[in-house]
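Here are my notes on the model, point by point. Have the structure open while you read.

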Amino acid sequence: MSTVRAFFLRHIPTRETIGEHRLLRPFAGPLSQPNLWRMNHRSVPRAVALGLGIGIIIPFMHVFVAALLAVPARANIAIAAALTLVVNPLTIVPMYAAAYQIGKWELRRGADVDPAAAAQVSGEIARFLFWIHHASGPIALGILTIAATAASVGYVGSAFFWRRWITSKYSARRALRRFDRRSSN
């Protein structure tokens with residue numbers, strides 16, 4: 001695990017090193033905002049929602065798109081980019097199958113291909129494209145539903161856990177102060 005961390009620390013630019021990279025130099029001003037690199041109660045939930053939403057909707061180049069959209073959203077860039085990796089070659093097939101089922105249910109109709117119409121289409125590739133044409137509506141609606149749900153749950157969940165973490169740290173500090181006061185008396 002330490003080698004992975006070392007790799008990322010070597011290759012991911014920090015707020016201080018953005019001006020040194022030739023390709024990032026024109027964007028050094030907007031990319032030097034503190035919220036884009038620090039983890040706080042506003043930037044983390046935004047990044048979680050953005051990363052999950054973009055990762056599900058856009059199946060390719062989603063890391064770049066999420067990092068790009070994190071700037072105007074004032075979300076943590078690293079978290080937004082990392083959470084897009086939830087969608088990967090192992091999860092994309094079950095996700096699209098679930099999206100198809102959800103979309104069929106939401107549209108209240110089956111997008112099943114009519115056997116008589118499919119028989120008229122010759123060739124395996126033509127049948128596959130015919131099925132994709134009829135299934136694209138439920139899949140698109142299902143993907144949008146899954147993305148909106150994941151982004152909403154991610155935002156609320158990360159905001160809740162962030163608040164719980166801060167509260168526990170505050171309680172621990174308060175208990176330590178009480179202990180120090182008691183022991184000094």
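1. A word on terms before the pocket. On a 1 Å grid over the protein atoms alone, a pocket is an open set of points with protein on both sides within 12 Å along at least five of seven lines, whereas a cavity is a set where a 1.4 Å probe fits but cannot get out. Lining residues have an atom within 4 Å of a point. Grid points are joined across faces, edges and corners, and a volume is the space filled by probe spheres set on the points.

2. Where this comes from: it is a predicted model, so local features need pLDDT of at least 70 and side-chain atom pairs count only at pLDDT 80 or more, while totals for chains, interfaces and linings use all residues. Residues are numbered from 1 along each chain as its sequence is written, and side-chain values use heavy atoms, with hydrogens and water left out.

3. The overall layout. The protein has eight helices and zero strands, where helices (H or I, at least four residues) and strands (E, at least two) are DSSP runs numbered from the N terminus. Buried residues make up 27% of the 185 residues; buried means under 20% relative accessible area, exposed over 50%, and partly exposed in between (1.4 Å probe, protein chains only). Of the contacts (heavy atoms within 4.5 Å) with a separation of 6 or more, 66% are between residues 24 or more positions apart.

4. Now the second largest pocket, which holds about 180 Å³ of space. Its lining is made by His 41, Arg 42, Pro 45, Arg 46, Tyr 155, Ala 159, Trp 162, Arg 163, Ile 166 and Thr 167. The elements giving two or more residues to this lining are α3 (43-57) and α8 (124-184). Which element gives the most to the lining of the second largest pocket? That is α8, with six residues. By class, the lining has five nonpolar, two polar and three charged residues. For the classes, Ala, Val, Leu, Ile, Met, Phe, Trp, Tyr, Cys and Pro count as nonpolar, Asp, Glu, Lys and Arg as charged, and the others, Gly among them, as polar.

5. Ser 158 touches Val 44, Pro 45 and Val 48, leaving out residues up to four places away in sequence. The C-alpha atoms of Ser 158 and Ala 47 are 9.6 Å apart, although 111 residues separate the two along the chain. Ser 136 also has its place in α8, but Ser 136 is partly exposed, at 39% relative accessible area. From Ser 136 to Gly 103 it is 33 residues in sequence and 9.4 Å in space, C-alpha to C-alpha.

6. Next, how α3 meets α4. The axes of α3 and α4 (residues 62-73) come within 9 Å and cross at roughly 145°. Axes here are lines fitted to C-alpha atoms, for helices over the stretch in contact, and angles run from 0 to 180 degrees between N-to-C directions. On the α3 side the contact is made by Arg 46, Leu 50, Ile 54 and Gly 55, and on the α4 side by His 62, Val 65, Ala 66, Leu 69, Ala 70 and Ala 73. By class, that contact has seven nonpolar, two polar and one charged residues.

7. Is Ser 43 buried or exposed? Ser 43, in helix α3, counts as buried because its relative accessibility is 0%. Beyond its neighbours within four places in sequence, Ser 43 is in contact with Asn 35, Arg 38, Arg 74, Ala 75 and Asn 76.

8. Two backbone angles deserve a look. Most residues other than glycine have a negative phi. Met 61, in the loop between α3 and α4, has a positive phi near 55°, and Met 61 is exposed at 55% relative accessible area. Arg 74, in the loop between α4 and α5, also has a positive phi near 55°; Arg 74 counts as partly exposed at 43% relative accessibility.

9. Last, Val 86, which lies in the loop between α5 (77-83) and α6 (92-107). Val 86 is partly exposed, with a relative accessible area of 43%. Not counting residues up to four places away in sequence, Val 86 touches Leu 52 and Thr 91. Val 86 and Ile 56 lie 30 residues apart in sequence, with 8.2 Å between their C-alpha atoms.
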